[in-house]
Amino acid sequence: MNAGLDDIDRKIIAILQADGRRAYSQIAEDLGIPASSVRYRVQRLEDNGVLQIVGIANPLTIGFNHLAMIGMRVRAGTAQDVCRALRELPETSYVIVTAGHYDVMVEVICRDTEHFTDLVTRRMHLIDGVVSTDSFFVLEVHKLAYGWGVGAVDAAETARLDAAGGDDHRRMDQRGHR
């Protein structure tokens, strides 16, 4: 998907990663292009699956106190089907196929230990293809980043965006949540 991105697309992405609520008119002013161009480009990036603009809630403030990574071993040839089933579970926030000790890794967010136990033992273990799971409760998060890979906004631009109020993405509680 990267083949269709130009420098303006990359700059728009970087700006929105720093402040997803930044007005198109402000982005347009920063980049010296019409607001209609920003609107069109953002829509195109969203339609092509390059960009997704979402609100991220702090799970600790809305009643979810258990964050865990789960490593899964699955029967040969079932990883894709297992991932499809896992992504349908509302507790999963990250589902990937991996190479190495585990075939699949899943990040889950649960209300409490009972919720987590139900999820793993009564739902995940019953997914056809799952052989075993190892759970890793997250005790502390030291980095949680959403602005990776575009590289078109330099350090001076990032500092300018921060000074203009776009630094909310860096304010996180001790567990690394917004």
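I am working from a predicted model.

**Entry 1: helix α5**

I began with α5, residues 113-124. Which of its residues are buried? I found His115, Phe116, Leu119, Val120 and Met124 buried. I then looked down the helix axis. The buried residues of α5 fall within an arc of 125°, so they line one face of the helix. The general rule is that an α-helix has 3.6 residues a turn, so residues three or four places apart point the same way. On the other side of α5 I noted Glu114 and Arg122, both exposed.

Next I asked what covers the buried residues of α5.

Asp112 caps the N-terminal end of α5. One of its side-chain oxygens lies 3.3 Å from the backbone nitrogen of Glu114.

**Entry 2: cysteines**

How many disulfides does the structure hold? I found zero. Cys83 has 10% relative accessibility and counts as buried, because the cut-off is under 20%. Cys110 is buried too, with a relative accessible area of 0%.

**Entry 3: α1 against α3**

I turned to α1 (residues 7-18) and its packing on α3. The two helices pack at an angle of about 85°, and their axes are 11 Å apart. Angles of 65 to 115 degrees count as roughly perpendicular, and α1 and α3 are therefore roughly perpendicular to each other.

Which residues meet there? From α1 I listed Ile8, Asp9, Ile12, Ile13 and Leu16. From α3 I listed Val38, Arg41, Val42, Arg44 and Leu45.

**Entry 4: Arg41**

Arg41 sits in α3, residues 35-47. Is Arg41 buried or exposed? I have it as buried, at a relative accessible area of 16%. Its side chain makes a polar contact of 2.8 Å with the side chain of Asp9. Setting aside neighbours within four places in sequence, I found Arg41 in contact with Asp6, Ile8, Asp9 and Ile12.

**Entry 5: Arg22**

Where does Arg22 lie? I placed it in the loop between α1 and α2 (24-31). Arg22 is buried, with a relative accessible area of 9%. I then looked for a side-chain partner. The side chains of Arg22 and Asp30 are joined by a polar contact of 2.6 Å.

How values were computed: Residues numbered from 1 in each chain as written. Predicted model: local features only at pLDDT ≥ 70, side-chain atom pairs only at ≥ 80, totals over all residues. Heavy atoms only, no water. Buried < 20%, exposed > 50% of the residue type's maximum accessible area, 1.4 Å probe, protein only. Helix = DSSP H or I, 4+ residues; strand = E, 2+ residues; numbered from the N terminus. Arc of directions from axis to C-beta. Contact = heavy atoms within 4.5 Å. Polar contact = N/O pair within 3.5 Å; in protein donor to acceptor, adjacent residues only side chain to side chain. Disulfide = S-S within 2.5 Å. Axes fitted to C-alpha atoms, helices over the stretch in contact; angles between N-to-C directions. Parallel < 35°, antiparallel > 145°, perpendicular 65-115°, else oblique.
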